[in-house]
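Thanks, everyone. Let me put the model up, and then I'll walk through a few helices.

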Amino acid sequence: MVIVGRPNVGKSTLFNRLLGYRSAIVEDIPGITRDRISAEAEWCGAVFNLIDTGGILMTANDPLMDQIRLQANMAMSEADVILFMVDAMDGMTAADQELADALRGTKTPVIIVVNKTDNQNREIESAEFYSLGMGELFTISCIHGHGVADVLDRVVQLLPRSDGEVAEDENTKLAIVGRPNVGKSSLVNSLLGEKRLIVSEIAGTTRDAIDTRLKWNDQEITLIDTAGIRKAGKVQGSVEYYSVLRAQRAIARCDVAVLVVDGTAGVTEGDKRVGGIIVEEGRACIVVVNKWDLTANPKSRTLIKDYTAIFRNEVPFLAFAPLVFTSALENTGIKHVVTTALDAAEMHAHRIPTGLLNRVVREASDVKPYSRKGKTLRIYYATMATVKPPTIVLFVNDAELCHFSYLRYLENAIRRHVAFEGTPIRLVVKEASYKAKDE
C-alpha cells in the first residue's frame, strides 16, 4: 500500500500512525519526505508493506521535484492499493486535481483519504472531493486517529490474499552510513541497478533511514540508506538532528555498517565521528572509499596503499575494517562492496571453539606474562559469551590488573588465529570466584 498526495497533507503522520511509532520525519514544513519510505505494517492479522512518498507537485521549480515524482510513480507501480491523501483544511486545490488526473489511468484501487476532518463542518465540506471522480472516500484525522481504522479495514479487503505465514526478516542488514554528500545514495543505486533513491549534490538529501531489499546471488540483503551524520551541535533543533538519530539507530540495528568516505577529501573528523558510532554499537564495518575515479591515478596501487596507511593511522579504532575503493558513478568496485560486507557479517557471527580459544589465550599469556604492582595477572579460563560482536569473557585472578594495552595484545593474538576481518572483538574481564592453589 502506498500513500501519495501533494506536500504537507499529513502523509507521514498517517504513515507513523499506521506503524504505531515514529518512522518518517514529521514537521510542519512542506517537502520533508523526499524518498519513498517503506515499512511492514499489520492490521487484523494481515501483514502488508506500507510506503510513504514525497509530496507530489505536478508543476514545480524545485530541482528535486522531477525525482520525487519518479519515486512516487515507481512506488505506485509496485502497490496493490493507493491512498490518495488530501487536506480538508485547504479544500480541493489545483495540485489535488492534477494528481487525480495522473492517477486516473491506473488499474490499482485508489482510495481518497481526506485528512484533518476534525469537526462536523469539515466532514460536510470534504464531500467536494467526490468531484475528483476517484471512487471511494474516507474522512480521517491522523492526529486524533478518527476514521483510520475504517481505512485500514477497506485496505485489507482490497489487498491480494496470500497463503501461509510471513517469515521473519532474517536478511543480512547493511547500513550505508557516512557524513553528508559522500555518495551513499549513489552507492545504493549502483548496488540495486536502478534509481531507487534520490541522488543529489545537495548535502543532506536523504533525511530518513530507508530499507531496500537486494538479492545477491542466493542471499537476501537489506540495504539501509541513511542521512549524512554531522556533529550533533550543528544540527540540534533542525530536521537534520532527527535524521542523525535515525542514522544512529540504523547502525544499531544493522549487521554491517558500510562507512562511505570521500576518497578525494582525505580522512575527515566527520569520518572519524561516524566510525566511532559504529565501534560504540559493536557493529561489523567495511570502509568504502568512494569517488576514487576523481583521484590523480585511480589504478595506482601505490596511491591505494598510501591512502590505506593514512586511514589506518588516522582511524586506528577501525583497524579491523577492510577498505574497498569504488566509484559509484562509474560503477567500479561495487560488487566487491557486497562480497566484503557479507564476509564481515559472517565474521561478526563467528564463534571460536572454546578449546581453541583457551589454547590461544594461554599461549599468548605464556609468551608475554603481565605483572603490575608486583602481582602477576593469571587468566584461568576464556569463553566466547556471545557473537555480533564476538564477545570473549576472560576469568582472571584480579580484574584490576588487566590493563587495556594487554587486552589489545590478547586481541591481536586471537586475530592471528582467526582474522575476524570486518568485525570488532570485545574482551570482558571478570574476577574468578576461585583461586589457583599456588596463590
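First, a term: helices here are DSSP runs of H or I with at least four residues, numbered from the N terminus. And a caution: this is a predicted model.

Start with R415. This arginine sits in helix α13, which spans residues 404-417. Is R415 buried or exposed? Its relative accessibility is 16%. The cut-off for buried is under 20%, so R415 counts as buried. What does its side chain reach? A polar atom of the R415 side chain lies 2.9 Å from the backbone oxygen of F420. F420 is also among the residues that R415 touches.

Now helix α12, residues 354-367, and one alanine in it, A364. A364 counts as buried, because its relative accessibility is 6%. Which residues does A364 contact, leaving aside neighbours within four places in sequence? They are Y406, Y409, L410 and A413. Take L410. In sequence, 46 residues separate A364 from L410. In space, C-alpha to C-alpha, the pair is 6.7 Å apart.

Over to helix α1, residues 11-19. How many of its nine residues are buried? Seven, so the rest of the structure largely encloses this helix. The buried set is K11, S12, L14, F15, N16, L18 and L19. A lysine is on that list, K11.

Last, a helix pair. Helix α6, residues 184-192, packs on helix α11, residues 334-348. The angle is about 90°, and the axes are 9 Å apart. Angles of 65 to 115 degrees count as roughly perpendicular, so that is how α6 lies to α11. Who makes the contact? From α6, L187, S190 and L191. From α11, I334, V337 and V338. By type, the contact residues are five nonpolar and one polar, with no charged residue.

To recap the burial: R415 at 16%, A364 at 6%, and seven of nine residues in α1. That's my tour.

Note on methods:
Residues numbered from 1 in each chain as written. Predicted model: local features only at pLDDT ≥ 70, side-chain atom pairs only at ≥ 80, totals over all residues. Heavy atoms only, no water. Helix = DSSP H or I, 4+ residues; strand = E, 2+ residues; numbered from the N terminus. Buried < 20%, exposed > 50% of the residue type's maximum accessible area, 1.4 Å probe, protein only. Polar contact = N/O pair within 3.5 Å; in protein donor to acceptor, adjacent residues only side chain to side chain. Contact = heavy atoms within 4.5 Å. Axes fitted to C-alpha atoms, helices over the stretch in contact; angles between N-to-C directions. Parallel < 35°, antiparallel > 145°, perpendicular 65-115°, else oblique. Nonpolar A, V, L, I, M, F, W, Y, C, P; charged D, E, K, R; others polar.
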